[in-house]
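Let's take a walk through this structure together. Have the sequence and the 3D view open, and we will start with a pair of helices.

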Amino acid sequence: MADTTAQPTNQTPRRMRRKVKVPPVGSSPGTLIADPNALPPVMTLTLLSPKKSETVDNASLDDVAKARGKWPLLWLDCAGLADIGLIQQIGQMFGLQPLELEDTVNSGTRPKAEFLPGHAFVIMTMIDGGDTHRYEQASLFFGDGFVLTFQERIGDPFGPVRKRIASPMPSRLRERKSDYLAYALIDAVVDSYFPLVEQLADKTEQIEDEILGQTDKNQTRRLHLMRRGASQLRRPLAPIRDAVATLARSDSGLIAPDTRIFLNDTLDHATTLIDLVDAQRDMLSGLIDTHLALSQAKTGEVISFLTVISSIFIPLTFLVGVWGMNFDTSVSRWNMPELEWAYGYPAALGFMAIIALTLLGYFKWRRWL
Amino acid sequence: MADTTAQPTNQTPRRMRRKVKVPPVGSSPGTLIADPNALPPVMTLTLLSPKKSETVDNASLDDVAKARGKWPLLWLDCAGLADIGLIQQIGQMFGLQPLELEDTVNSGTRPKAEFLPGHAFVIMTMIDGGDTHRYEQASLFFGDGFVLTFQERIGDPFGPVRKRIASPMPSRLRERKSDYLAYALIDAVVDSYFPLVEQLADKTEQIEDEILGQTDKNQTRRLHLMRRGASQLRRPLAPIRDAVATLARSDSGLIAPDTRIFLNDTLDHATTLIDLVDAQRDMLSGLIDTHLALSQAKTGEVISFLTVISSIFIPLTFLVGVWGMNFDTSVSRWNMPELEWAYGYPAALGFMAIIALTLLGYFKWRRWL
Amino acid sequence: MADTTAQPTNQTPRRMRRKVKVPPVGSSPGTLIADPNALPPVMTLTLLSPKKSETVDNASLDDVAKARGKWPLLWLDCAGLADIGLIQQIGQMFGLQPLELEDTVNSGTRPKAEFLPGHAFVIMTMIDGGDTHRYEQASLFFGDGFVLTFQERIGDPFGPVRKRIASPMPSRLRERKSDYLAYALIDAVVDSYFPLVEQLADKTEQIEDEILGQTDKNQTRRLHLMRRGASQLRRPLAPIRDAVATLARSDSGLIAPDTRIFLNDTLDHATTLIDLVDAQRDMLSGLIDTHLALSQAKTGEVISFLTVISSIFIPLTFLVGVWGMNFDTSVSRWNMPELEWAYGYPAALGFMAIIALTLLGYFKWRRWL
Amino acid sequence: MADTTAQPTNQTPRRMRRKVKVPPVGSSPGTLIADPNALPPVMTLTLLSPKKSETVDNASLDDVAKARGKWPLLWLDCAGLADIGLIQQIGQMFGLQPLELEDTVNSGTRPKAEFLPGHAFVIMTMIDGGDTHRYEQASLFFGDGFVLTFQERIGDPFGPVRKRIASPMPSRLRERKSDYLAYALIDAVVDSYFPLVEQLADKTEQIEDEILGQTDKNQTRRLHLMRRGASQLRRPLAPIRDAVATLARSDSGLIAPDTRIFLNDTLDHATTLIDLVDAQRDMLSGLIDTHLALSQAKTGEVISFLTVISSIFIPLTFLVGVWGMNFDTSVSRWNMPELEWAYGYPAALGFMAIIALTLLGYFKWRRWL
Amino acid sequence: MADTTAQPTNQTPRRMRRKVKVPPVGSSPGTLIADPNALPPVMTLTLLSPKKSETVDNASLDDVAKARGKWPLLWLDCAGLADIGLIQQIGQMFGLQPLELEDTVNSGTRPKAEFLPGHAFVIMTMIDGGDTHRYEQASLFFGDGFVLTFQERIGDPFGPVRKRIASPMPSRLRERKSDYLAYALIDAVVDSYFPLVEQLADKTEQIEDEILGQTDKNQTRRLHLMRRGASQLRRPLAPIRDAVATLARSDSGLIAPDTRIFLNDTLDHATTLIDLVDAQRDMLSGLIDTHLALSQAKTGEVISFLTVISSIFIPLTFLVGVWGMNFDTSVSRWNMPELEWAYGYPAALGFMAIIALTLLGYFKWRRWL
């Protein structure tokens, strides 16, 4: 293949970056370009026969070439994708195609499985076991007598499979062909997600406890718990319906045609249950919205009341403050002469009453009362 | 099968935990590992023939082996999954596969139905009848002459089926084959959800009454009830359309081709109705949002008004408070000399008017007025 | 069929309850259990021939038995489902199956249509015409020469069909077979939803007018009307696209292959229109959210301003109030000695200025300013 | 056909009403009932041959009858649906079916296309060109040598087609059969939506400018623009993926099998792009919610601070106001004796300090601080 | 083709406008109308043979005519769509159809791919490389020996392909047929989206950092991060499930039937994982809503408390202000006579206590306490 020069990409080492695959626009397809952050490769060769197994750490291509043909099944694991040349040599040795190798080298390829002449190609996103939960890409090729795996760094998910291979007890892994080993590795990758989901469930529970712990046994709490309960109730129903439908529609001799009619009835029940739970969830969502709207409306009313009281009395308090000032009326006739008017006090009270009534009228007009 | 050593899992007994199935990463498939919280098994053997039935409580495998072949149909119920060895023996006796037994033992398997050579395998999530609503897993195998059920503890859903078997009246359960008994058990599991859904509906109604009871006959309440009404109106329409479509598209001789044209017209009506109700629901959702936005806008206006009034009068009230202080002007000329100025009072009033006008201008500029 | 004893259910007569069908867990399928609130049955028998029709009110099973065979088509309507025995007799007379009868008797069955040997079975949810809009279940069976309907109470939807049968004018209802009468009844049930949808549309319009009437011609109102307009614009486009697709993909001789190319172009236009309207709806939803966020941000700002002003001046007003108290300084030297200090007033002003500046600094630090 | 008497419906002329089609419940299908608001019909007959065309305004049925057979193609446009008799006569002349005519006459029928023996029937919702954007229904029938159109009033969308027919230049409209003319009319109806969508886009842009113009270059604005950008980025990707899939899956000889592998790679890229943009949109939605939550939390904090300050100082200010009252202590010993106590002032300060500390403790306990 | 007169459209040059394609209503299909803003065309002709390639800048139609037949593959790129005549000449030379040319000329056509006799037609939306991210339309035709591209302006995405053609190294682009070149161009367009998505991801990260940086390590932040984590966890699972399903359902000889059973088990695991993560996302969404509701409820409570305190003490403070006014009681008996009543002070305190209790009672009644 031509133009396979490794062009540096301007990928910066950031958090989200490695999930975005940016092939150089217009580069020839099948062009292998090493990620500048890729690690140097470490190859582990595992040789399997029904009776025994051998592991060659830090294997070379020569080891692979020698073992091929001698052992019924070999598994070559290449951790670290910096060495483009090596990957191309492996590709030539096992008849892999440039586009497959490109997907193998580019991190961030979408998981997929493809069958090509002579081998199958599976690409998966794998989770690194530690605390950081780095997402990593694992590529897996398998064909007659070989399984190849490529990963970005020496990872954990394949460890238990290695242990099972090395186990002295008889094992299907050694007895069967490359498809079974490939299956075991894929299964290990899928199962490596479980601890993470468990961890997520733990954290969710914990923060739920914290959040609900702040509240009394009030309506918000009850609505939350009911919605959660409805969601939990809904979850098994869809697969149960599918299971009943599988039975009702099977043409296996195990189910008599008469029984199928009854199973259809059960199918109706399951569908009705799903409808009913969905209706309840719909109701609860509506209630949660309505509850929020009502609580906001209540806050609005409280604020209106506060505004009315404050707006009436704050100006009046200012006025009585004015007439409580100590300017010396004896100095000049401009200094608070109203304090010495005969009807000063009743006039002041009347003036304040007029202000209060005007404001009340304004509030009525604005419909804040 | 090899490597079937029971490894302890680090499952802690928590609320959500049992819904998360965490197989040990990389363990051999078909490996049976007992849940550390699993209960010891209690086996109940029910023997059925068209004329009579017998129940053996706390049955042993010997009882099963003896009964097999003698009775046309036997039902073995195993409640409690702690004894891996026993489960494997049952599996061998009835030709079950390791992967099926693994699913049986691991709680939290997704409900499904599968046909295997010689038997069918159904896994379901079942609800424990009591107040706690524990979700439990029920596995069901049926084949020629046998039904096996595995559950996590002695459960209620199968009780009524047992009663019907034991009833002296003729019963299809005894007359027909294992598929009918399996159907009856599956139906019992599905129907055991109904009381829960009913209970959820009750609680939803109750909290709806509480929440709506807090409000007057206002718009929020009306919008809520209209949305609920629209949802209720929508619910039967989709299955009605499906029913009409079933009739219109049937090639049963019961429907004449001419009538099919008319049924297609009814189908159009049903589709139009669904469109119309959806349009109304869309409108109502829009209205509910708009109503909320308007009520928040109103609260915002009220708050602006309060802010304007308070922000103007609170500083002024502070000022009149200053001039109402009783510092003794006769002690020194630094003590409130302004009280004795000839134009002190008019100057104070003017100063306060300037402050008020400045603030009003600021509010105009910020568009809070 | 065995064990058909009517067990009382603990259904209480509540609002939502009748939508939830709760079969007794584990009861034998096909068991008929009357709803305790069911009404006693009233049977109406309508006999049709191309030339004439007869109606027998309060018909008995004998009437039905006599009429069968003599008239080309009979329609038996049974309103009220309390009499399980009667329903079973009708079932036997017309070859209905126990599971069908169970669905007929249990209110809350999901609408569906099924073909069974010799007859078809349709179950629908029907709306009672009056103000209460009770949802009711209608079951309909039809086969060679008969139509059976079961409803929970004497309902309106079938009335107009009866009138058309009784009409002296020639009518397809009398001329054709049971499928056409069944169609007419189904159509009547479907069409009975239209007035309700109309009513819902009316109420929605009314509350929309009320809600929008509270607001001025502002942005909220405009956004609401634009979103409604976009929804209305979207509604006819999907069925128009379907119609054009029907034409473009038809293999009817009416459409020349050349024209199909042009219709495909129109199909592109319709798809583009739908894309464009959806893009606009997306934009409008985003705008509505942004508008709400901005209006809340504005309220937040107003509140911050109020808080700053209040928090500064309220403590100061307290202080000037302290020094405005009238404790008699001549009684003891503990009573407000500061009023008589030479620099009491400047010290007080300075103290208050320090407090104000400290608070301002705090607000700056909290970024409330 | 029997019972085709025109019954008046009680449709009131309201805004939404005409979108809700309310057939009289139980009326015979195929019954034609004129809308009371329908206009009297105006028929326009257009006669086409490859060489020339003629238009007969205010045509009568006789004109139609004469022209039929003489011209290779005739187009009869009937605007106004008040004359049921006329429509039935047209129906008989061209072999239309009662149910089709019912759909034609009832406004608010869902758009659809149907093939019947001898002709095709298309029903569409059309938009009236003017400012009001009235939705109107257009029905179109076409068969061998004829196109019939029915519209509610003389509408614009068909105008340009008429002009193209009348144009002296050669035109496919005159040269080809009825299917091409039908296509041209349908295309005109579909394209008549474009100006409206344009108008909607204009208005949306305008209100967006207004709303964003109120805000500074802050986060809300940026989030809004980013979400809009992500939506715009997403829009072309789905049809591009479809286009690449069309190429990759084609069995046209134009695409070599080798190239198909490469196109599948491009398909993966397009799918990955869609995944990535969707992930970003998901992130942005989360951010918008979080931003709103944080801004509400900030407002909540501000309000808490205001409440604490106000709640402490407002009662204290009241107290100092009490002791600032001017009740005459010399009149009786009940009038503010505390002012003359030796330790009155320190006691007052102490009392106020206790109140302040108690409130602070209360706020701490409520976690408002 | 008839009536191909270029009618000016009234498109104004605005931001969104060019995404809305507004064909003149009723214009003849296949009518080419230049966009008034279209640029004059610049044609680039690239000639390819396995050994060498030539590029003719500013090529004329004569150049194309001469090269055709001589070179195995020619690529004509036409940037700028203002010259309708030229485009029609190209169309005639290569046998393109009027409707295709119409789509080529009208910007805003939906991306699609179509096979026509003798060539394939692909239309795509392309992103201009610069800062402005203008969306542009690229049309691509390819057939035996030719590739035609039309773009709105001289664009970047095709540049790298040109470089690869001109490269002296052997290249599949020169060796293979037009379909491979077409693929390379399509791939270049698709890949040109990657930098934009990357940029969007960058900006999203940046604003996320800004928004989260404003908050402490509180619950809102944690909920946001958990929801993001759950979304990230969910993303690879769906394609992984698809990949496992591809393997499990393949009929390739690579997968033994026995292994397929195991792969089905892995498929169950993947489905369970997706269910579990979805359940967690559901929980988290519920929690986020509940958290918001609780925080609003808390703000509501705080406001209620503030309102109660303020509403009680603000009127009382007004009253004590009244009795602190300095109206001269010696001037007349109307001036604050209460100050000289014997029980004035106790009466005032009592009066204020009554007011406070009344307000408290009101608040209790309104349930604000």
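Helix H9 (residues 257–322) of chain C and helix H9 (residues 257–322) of chain D have axes that come within 8 Å and cross at roughly 20°. Because angles under 35 degrees count as roughly parallel, over 145 as roughly antiparallel, 65 to 115 as roughly perpendicular and the rest as oblique, H9(C) and H9(D) are roughly parallel to each other. Here the axes are lines fitted to C-alpha atoms, for helices over the stretch in contact, and angles run from 0 to 180 degrees between N-to-C directions. The crossing of H9(C) and H9(D) is left-handed, a word used if the near helix is turned anticlockwise from the far one by less than a right angle, with right-handed used if clockwise. The helix names follow DSSP runs (H or I, at least four residues, for helices; E, at least two, for strands), numbered from the N terminus.

A word on what you are looking at: this is a predicted model, in which local features need pLDDT of at least 70 and side-chain atom pairs count only at pLDDT 80 or more, while totals for chains, interfaces and linings use all residues. Residues are numbered from 1 along each chain as its sequence is written, and chains are lettered from A and ligands numbered from 1 in the order in which they are written.

Now step back to one whole chain. Chain A has 10 helices and seven strands, and it is divided into domain 1 (17–194), domain 2 (214–297) and domain 3 (303–366); such bounds come from an automatic or database domain assignment. The centres of domain 1 and domain 3 of chain A, taken over C-alpha atoms, are separated by 87 Å. Of the 369 residues of chain A, 46% count as buried. Buried means that 20 or more other C-beta atoms lie within 10 Å of a residue's own, exposed means 12 or fewer, and partly exposed is in between, with C-beta atoms placed from the backbone.

How do the chains meet? In chain D, 86 residues are in contact with 78 residues of chain E, where contact means that the C-beta atoms of two residues, placed from the backbone, lie within 7 Å. H9(D) gives the most to the side of chain D that touches chain E, with 37 residues. On another side, 78 residues of chain A are in contact with 86 residues of chain E. There the largest share of the side of chain A that touches chain E, 18 residues, comes from H9(A).

Next, look at helix H8 (residues 219–249) of chain B, where B:Val244 lies. B:Val244 is buried, with 28 other C-beta atoms within 10 Å. Leaving aside residues up to four places away in sequence, B:Val244 touches B:Leu263, B:Thr266, B:Leu267, B:Ala270 and C:Ile186. B:Val244 and B:Thr266 are 22 residues apart in sequence and 7.3 Å apart in space, C-alpha to C-alpha.

Finally, a detail of the backbone. Most residues other than glycine have a negative phi. A:Met336, however, has a positive phi of about 50° although it is not a glycine. A:Met336 is found in the loop between H9 and H10 of chain A, and A:Met336 is buried, with 24 other C-beta atoms within 10 Å. In chain C, phi of C:Met336 is near 50°, again a positive value, and C:Met336 lies in the loop between H9 and helix H10 (344–366) of chain C.
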